[in-house]
Amino acid sequence: MNPKTKIKVIDKIYPELLRKLESCTLCPRNCHVNRLKDEKGYCGQNKNLKIYSSFLHFGEEPPISGKGGSGTIFFSGCSLRCIYCQNYKFSQLDNGKIMEEKELAKVMLDLEKKGAQNINLVTPTHFLPQILKALKIAFQGGLNLPIVYNSSGYEKKGIVKVIEPIVDCWLLDFKYINPKTGLNYSNSPKYPNIAKEVVLYLYKQRNGPNKLNRGQITPIIIRHLVLPNHIEESKQLILWLNENTPNIPISIMSQYQPYYNAKNFSKINRSLSWEEYNQIKKITEDLEPDGWFQEFRPQENLAGIYLKENDR
Ligand code: SF4
């Protein structure tokens, strides 16, 4: 979809999404706080758009980073708030800079000038109306890059459906398949069902008869971060993906470290072992999916090398 058509979609959906801030139901937490009156919900954010950083990211999956880097924008706050989050300083401790939408549009245009291959919105949902307004300004100012929606997978299908035409690549985490793990580490036993619903919906949209032309960018990538002492769960999750969403590239990540509050949880208070990661590699390789393995303990958090040599 070209920028002009995306502007039309934004014009159509923006008023309703903005209204949602009055009794916020943008994500599955459904806090019903009035963010327009400066109330904060579970994500820790009111109406003010807050950005932690923006930069060219060369460590995402190869089709996302490309040659010029991914124009990555990290937003402050998060609706999932995993207890081991490596980005906790801004996702949970609220570091960042408040910006007007027109300033965010300038950030996007500057990333394009620097050679970004796309605009990579990281954990954006709690700022969706503000981001759409910024995107419209950026498109009007000449932005012509694919939009990557880089999400925890904790999304409402209804919201995903509404913004689907604007997003060129869904870069979705699929963190847990066991409700108890979702409860323990992200205070959401519903996470597995929520992520499954979104993944299945997007799979249908992007591989079925409704498939839209997304240009050169991979339309959907599922990421899974392997947790220590949770190898059986990772195995089940990968088997579920293989059965239910074949052909979607998966990105298996090894970079887990016990950040933030993970030290208080005995099963995940250490990094992943080489033996654990190798078990997951073996299971995944046997299924021969498309996608990437992250190098074990990557120096720079690079997100992947190809699972199949001939995909390179
Ligand atoms: S976006 Fe924030 S305030 Fe809105 S429902 Fe989600 S967690 Fe609550």
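Okay, a definition before anything else: two strands pair if DSSP finds at least two bridges between them.

Now the housekeeping. What you see is a predicted model, where local features need pLDDT of at least 70 and side-chain atom pairs count only at pLDDT 80 or more, while totals for chains, interfaces and linings use all residues. Residues are numbered from 1 along each chain, as its sequence is written.

Let's go to the strands. Strand E1, residues 50–57, is joined to E2 by six bridges, and the two run antiparallel.

How buried is E2? Six of the six residues in this strand, 70–75, are buried, so E2 is largely enclosed by the rest of the structure. By buried I mean 20 or more other C-beta atoms within 10 Å of the residue's own; 12 or fewer is exposed, in between is partly exposed, and C-beta atoms are placed from the backbone. Ser70, Thr72 and Phe74 point one way from E2, with Gly71, Ile73 and Phe75 pointing the other way.

Next, the core. A nonpolar core is a set of buried Ala, Val, Leu, Ile, Met, Phe, Trp, Tyr and Cys residues joined through C-beta atoms within 7 Å. The largest one has 80 residues, and Met108, Ile119, Ala138 and Val226 touch the most other members. Helix H5, residues 128–140, gives the most to this core, with eight residues. Contact, by the way, means C-beta atoms, placed from the backbone, within 7 Å. Leaving out residues up to four places away in sequence, Met108 touches Gly71, Ile119, Ala134, Ala138 and Leu143.

Staying with H5: twelve of its 13 residues are buried, and those include Lys133 and Lys136. Its buried residues pack against helix H1 (3–20), helix H4 (101–113) and strand E4 (119–122). The expected span is 1.5 Å times one less than the number of residues. For the 13 residues of H5 that should be 18 Å, and the end C-alpha atoms are 18 Å apart, which agrees. Just after H5, Gly142 takes a positive phi of about 110°.

What about helix H7, residues 179–186? There, Thr181, Gly182, Tyr185 and Ser186 are buried. They cover an arc of only 100° around the axis, which puts them on the same side of H7; the arc is that of the directions from the helix axis to the C-beta atoms. Helix H8 (191–207) and helix H9 (231–244) are what the buried residues of H7 pack against.

Ala116 is in the loop between H4 and E4, yet it counts as buried because it has 26 C-beta neighbours inside 10 Å. Most residues other than glycine have a negative phi. Asn30 isn't a glycine, but its phi is near 45°, a positive value. Asn30 is in the loop between H1 and E1 and is partly exposed, with 13 other C-beta atoms within 10 Å. His32, also in the loop between H1 and E1, has a positive phi of about 60°. With 11 C-beta neighbours inside 10 Å, His32 counts as exposed.

How values were computed
Helices (H or I, at least four residues) and strands (E, at least two) are DSSP runs, numbered from the N terminus. Two residues are in contact if their C-beta atoms, placed from the backbone, lie within 7 Å.
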